[in-house]
Amino acid sequence: MTLPSAKGAAVGRRIGIGLMYGFWKPRVLGAWRVPASGPVILAVNHAHNIDGPMLMGTAPRPVHFLIKKEAFVGPLGSFLEGIGQLKVDRESTDRTAIGNALGVLDQGGVLGIFPEGTRGDGDFASLRAGLAYFAVRSGAPIVPVAVLGSTERRGRLVKALPPLRGSVDVVFGDAFEAGDGSGRRTRKALDEATVRIQGKLTAHLENARRLTGR
């Protein structure tokens, strides 16, 4: 199995920095909360297609995102693979994607996950079990991330994007462990971890909204 390229993710971060700070005005709060080294999972709310690239350009470390396989079409697919992103089939148990994601964490990398599974209201109301599995299996801490402002207004030139030079807030929360310390990976343990995670993510989102006024 060939793991996603760490060098590619570093290139992707540089591209993200250029694009996100070039077209918008990100305000980044709490980036110091992301551990400077070692495996970590960034759990991001998902209300807009720009949320992933925005995090890639504002996170303090290169990020390998789990991205739906439908995005890997034509030149975009080759580009995403080149910058170390992970293709996942959301309709099945994608063992290749699971292996790649765990491989990123085993090598001390940063895994980015939209725990809601798909774009929605971005409120962490419905979490899939994948985040709990990766966190409990790897032992990597989770850092909650709230991206706020990406859906407030539509751009005049490109309706599908936020207004150019508009502000978007990216708020990083405190790292936490998803497991109960027992190391169990049973269905019951994963369900309990999912409940624990949802409480932490929801609390972070509420705090981020208070902090930013959004």
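**Exercise 1. Which salt bridge do Asp-169 and Arg-214 form, and where does each residue lie?**

Step 1. The side chains of Asp-169 and Arg-214 meet in a salt bridge, at 3.0 Å from N to O. A salt bridge here is a side-chain nitrogen of Lys or Arg within 4 Å of a carboxyl oxygen of Asp or Glu.

Step 2. Asp-169 sits in strand β7, and Arg-214 in the segment after α6 (187-212). They are 45 residues apart. Helices (H or I, at least four residues) and strands (E, at least two) are DSSP runs, numbered from the N terminus.

This is a predicted model: local features need pLDDT of at least 70, side-chain atom pairs count only at pLDDT 80 or more, and totals for chains, interfaces and linings use all residues. Residues are numbered from 1 along each chain as its sequence is written, and side-chain values use heavy atoms, with hydrogens and water left out.

**Exercise 2. Find the network that holds Asp-169.**

Step 1. Asp-169 also forms a salt bridge with Arg-27, at 2.8 Å from N to O. This pair spans 142 residues, from strand β1 (residues 25-29) to strand β7 (residues 167-172).

Step 2. Shared partners join Arg-27, Asp-169 and Arg-214 into one network.
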